[in-house]
Amino acid sequence: MGRDINSYQLYEINNFIGEPSTVLMYRDDLLEMMAEPNGMVALNGEIMYFLGDLTMYAKIFAKGNLAYLTETLSSLRISRQQVSQQGRDSDKRVKKTHQRFPELIRELDMGDDETVPARHLRIAPLSSPEQFTVRFVDDSLEEQVKESQFAQWISKRRLLPVQQHLLEQHLCRQEPVTLTILIDARDANQSDTDKTLASLAAHTLPGLNLNPVVITDKMRDGVETLPVSISPGEALSRLAQDDRQGWFLCLAAGMTLLPSGLITLASTLLSASHLLAIYGDEVHTINGKVIGARFRPDFSLDLFLSQPGIMARNWLWRGEAVVTLGFDSQAGAAFEFDLLVKLIETQGFAPIGHLAEPLFITGDAVIAGDEEERIVLRHLANRGYHNAEITRDIYGHFHIQYGHAFTPMVSVIISAGKALAPLVTCVTTVIEKTQWQPYELLVIADEGTPQDITHWLQGLAEIDPQRIKVLSAAGVHATAARNNLAASVASGQHLLFLHPDIAITQPNWIHALLNHGQRPEVGVVGGKQLYGDGTVRHAGYLLGVNGVAGEAFFGVNNSHKSYMGRLHVDQNYSAVSGDLLLVNKEVFDAVQGFDESLDAFWDVDFCLRVREKGWLTVWTPSVEVLRSVSSKVSETPAEVTARNEKQQQDESVLYSRWMPILVNDPASNVNLSLSSEHAMVCPDSLLSWRPLDWSPLPVVLPHMGDYAGCGYYRIIKPFEAMRDAAIVDGKLSETFLSVPYLERYKPDSIILQRQITAEFHEWASRVGELTNIFKVFELDDYLPNIPIKNHHRSDFGKDIMKMLRKSLSYMDRFVVSTQPLADAFSDMHRDIVVMPNRLSHDWWGNVVSLREQGRKPRVGWAGGSSHTGDLEMIAGVIQAFADEVEWVFFGMCPEKIRPYVTEMHYGVDIELYPQKLASLNLDLALAPVEDNFFNACKSNLRLLEYGACGIPVICSDVACYQAFKHVTRVRNRYKEWHEAIRYHLDNPSQSEQMGRELQRYVHRDWMLDSDNAAIWAKAWLPD
């Protein structure tokens, strides 16, 4: 009901209805609103800035209901320069509007918080408009948003024509691979089977031959079928006997293979001859909506055994493996899990591969918990754990107790820190809670330890000298060094490092750590650290997230089910926190302990060195400790600076040692964001969509300074021309990617347009220090000397030359648009390349402009909003011809000229600009520019645009236009401008011919064809 929608706005201002241009309303209602004070965008006379659409809807809903059609009936083109969101982000009126809008809804009785519960609506089907039910809106809205975002994410993973061509060429040179798709349609209806088969039919690439086989009791033309008396496992075994080198994939009818998944499979399977089993990622439906995905990590033994239902379904199998391992009829629906366990037991992890790409859309899988549990117990017995037990949590995850017979000594090591209260809590809870008896407690402090802690430690040492030891680390201030010192005198077979801000809450915490720590393949074990409010402090490190490493699920409530349930299952991470870390003493000594030169990330470095030696790092949720929030230590500004500089140095060390694994963490997935610790999908789908994965072309990453003319002409269109001509591969970038993102994407060069901020300098400095990427700076204006009447002058400060020089100091090449611009900057960079502006064929190749379409000759100007001085210079000429011509201005027009202008066309989005310019149907175009140094450095772009339309041109005789052919050049004097216009008006045939010659000249010499694109690419790429 309409009133309920208004009531919803009392809790959250949200336009889930749509843009007004896509909504049908009664004309009389709109006319009535327009007659009100301040029109339809005001409530009770108050203008609702940036909420005009909701204000209009609120008035409508006060009268009646909303009919909402879920069918897509229109599409809305959103400009990249949309001002509404920019306004919300920066306009001071926004806060007041968002406060007053719900207040006025209440005051005007347009909604209330009593009729229906908060955030609920009464909803009825259109077929039965009186049958209302109350529904919670937020869940539905969230699902709609997720569905839309994910559909957009998937839609970008498609082949461009040039990629299709290159991939087909590549695949044709390889030996083709056969993939048999076994479709289990035993309990499915025909439409589900048809759905799966249709998804296979979309595959057209060579090199991968798809062979569908359906288990069904219905005959299907052109498709091999097997009787329903055969289980999928048995069918797989039989088919594999006939094609041991082929690949096999088992799907349930109704599952659909994604086109992007098939594309990735086509190239992946060609290079997978060393593998026997491969798993991919998957998309799954929730309430029938495609809103979920499982982006799996690389193979994790502990996650695999904890979640076989998620990790052991729908794998790709080599026929050879299926035949050799043997099908077990007792495995039931867990037959793939059974095969995988056998594969691991006989050949380890080496023949297992992970394809980090969503391969298919799936629904709910068949639950086979009992069969899976039996297989796990058999596997554990085969590994010697005959007393192992399995429990299941509320989510159905397996938790394995290995049943170790030994009770080794554990040395608990605590570095004292600087605060007494948390240290007392830490030590006290260790002593009081710990049930594991063979342990010793070592507390280590240095001479900088506060006096109250030193005094307390003296008393602590006397309590139980056999078990509790207090160590002095004179001159040793780094945590890593103190831990090493304590480890050197520890007597335990296992070392357990503990942060003093941690409190123990579980009696069996050491037992739970040793449950994994005693396994011979395990080197390091970590546990779950929780804040007092139940949110997560640490649940494993995610490498490359927000720098060197982020903390998985940081800030998430521990009761949250979490992404893939990973907050609640044993699994292998690449690194865990040193604040709660168990390590076998032999492992610790084998890697020579912690790196004492590191103040930050010493735990990450340690775990990676352990991993390099072949041991696993396990994180277990079975250990939960309480983590207090550390009190801030007072620091001087100099100390803060020194600490930040040291952390940056440590980050650099980690990048230099571990860059490959930091940017591709096996515990994560390339499709997940490196800016989120919560397993969010990377919003830029193209960062992980690399169909040309064999790198046939150099890769570029151009970064445009805007989505206006400069961004398009100098970055976007040149890149598209290079890409479409198969000169480069790559993508456009809207943001400064982090070092891990850059190293993951591996561009040969990055192109950076007009970046002169301090934030950019900091970023560029780190990129230059940590990567070998070739960096190109792009500029097409002389920013240090912008004309006074150019409104962009205020965008750049007085220190522009200093900032620009600093930007260039980080760059390997400087590309400019004109030779005068290169000369002006000649002392600022050693490698300056001039790359003139050119026009793209898709925008300018076929524009049509007509002549003699007005009652008088149509004479005009087109351009951006920064040309006030240029146009005011010819104001007298415009006035003089006001009665003889139709003056047409497009983009801007100074106030002093407006009285003489016949048509004023406001600016349009740049993508619409070429067609709009042509549609003006000018008989003559003017290009006046003031004679100053800024304009002397500019390009001839305006003449190119007019020329592409075939419009004859009169332009100023200044440096930027002097070398251009087939235009009428005049000095910036009233008499010469007047005479030139008079000539063109009096000689229309000659004027038209000049326009045609100019158009031919532009099309021949100034278009972004493949040759010119190759020249431009040379300027962007390293020599």
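The structure holds five cavities of 30 Å³ or more; a cavity is a set of points on a 1 Å grid over the protein atoms alone where a 1.4 Å probe fits but cannot get out. The model is predicted: local features need pLDDT of at least 70 and side-chain atom pairs pLDDT 80 or more, while totals for chains, interfaces and linings use all residues. Residues are numbered from 1 along each chain as its sequence is written, and side-chain values use heavy atoms, without hydrogens and water.

The largest cavity has a volume of about 120 Å³, the volume being the space filled by probe spheres set on the points. Of its 14 lining residues, Leu 542, Arg 566, Ser 668, Leu 672 and Ala 679 are the closest to the centre; lining residues have an atom within 4 Å of a point.

Helices (H or I, at least four residues) and strands (E, at least two) are DSSP runs, numbered from the N terminus. Helix H23 (residues 709-724) packs on helix H36 (residues 1010-1020) at about 115°, with the axes 9 Å apart. Axes are lines fitted to C-alpha atoms, for helices over the stretch in contact, and angles run from 0 to 180 degrees between N-to-C directions. Tyr 713 and Phe 719 of H23 and Trp 1016 and Trp 1020 of H36 are among the contact residues, contact meaning heavy atoms within 4.5 Å.

H36 also lies across S28, S30, S31, S32 and S33, at about 145° to S32. These strands belong to an open sheet of six with parallel pairing, in the order S29-S28-S30-S31-S32-S33; strands pair if DSSP finds at least two bridges between them.

| Edge strand | Residues |
|---|---|
| S29 | 729-730 |
| S33 | 832-834 |

Terms used:
1 Å grid on protein atoms, 1.4 Å probe; cavity = no way out; pocket = protein on both sides within 12 Å on 5 of 7 lines; lining within 4 Å.
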